[in-house]
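Trainee: Could we go through this model together? I would like to begin with the charged side chains and then change topic.

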Amino acid sequence: MPINVKLDDLLHARRMTLTELADRIDLTLANVSILKTGKAKAIRFSTLEAICRELDCQPGDVLGYEPEGTDSPEA
């Protein structure tokens, strides 16, 4: 999938656990885990807003876009 979630890097940089983030944004640990692993099909703006608030970041810090087929350069 071309959208990647960079939650692991942000949590590590802020020395915060996934459990702590889940508590702060009032979401279940299971749902935050699904988001972190990139298995989520959607994210609510309110959830993204809460993540950005708690991690002091921008939406672009949480989500990235990498077009499919850019894994290896064309010859």
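This is a predicted model: local features need pLDDT of at least 70, side-chain atom pairs count only at pLDDT 80 or more; totals for chains, interfaces and linings use all residues.

Trainee: How many salt bridges does the structure hold?

Mentor: There are four salt bridges in the structure. The term denotes a side-chain nitrogen of Lys or Arg within 4 Å of a carboxyl oxygen of Asp or Glu.

Trainee: Which residue does Glu20 pair with?

Mentor: Glu20 forms a salt bridge with Arg24, at 3.0 Å from N to O. The two are four residues apart in helix 2 (residues 18-25), which means that about one helical turn separates them. Helices (H or I, at least four residues) and strands (E, at least two) are DSSP runs, numbered from the N terminus.

Trainee: What about Arg24 and Glu54: where do they lie?

Mentor: Arg24 lies in helix 2 and Glu54 in helix 4 (residues 45-55), so the pair ties together parts that are 30 residues apart in sequence. Their side chains meet in a salt bridge of 3.4 Å, N to O. Glu54 has a relative accessible area of 23% and is partly exposed.

Trainee: And which residues make up the network of salt bridges?

Mentor: The network links Glu20, Arg24, Arg53 and Glu54. Within it, Arg53 and Glu54 form a salt bridge whose closest N and O atoms are 3.1 Å apart. Arg53 counts as exposed, at 51% relative accessibility.

Trainee: Changing topic, is Leu18 buried or exposed?

Mentor: Leu18, which is found in helix 2, is buried at 18% relative accessibility.

Trainee: What is Leu18 in contact with, leaving aside neighbours within four places in sequence?

Mentor: Leu18 is in contact (heavy atoms within 4.5 Å) with Leu11, Leu29, Val32, Ser33 and Lys36, once those neighbours are left aside. Leu29 is 11 residues from Leu18 in sequence, and their C-alpha atoms are 7.2 Å apart in space.

Terms used
Residues are numbered from 1 along each chain as its sequence is written. Side-chain values use heavy atoms; hydrogens and water are left out. Buried means under 20% relative accessible area, exposed over 50%, partly exposed in between (1.4 Å probe, protein chains only).
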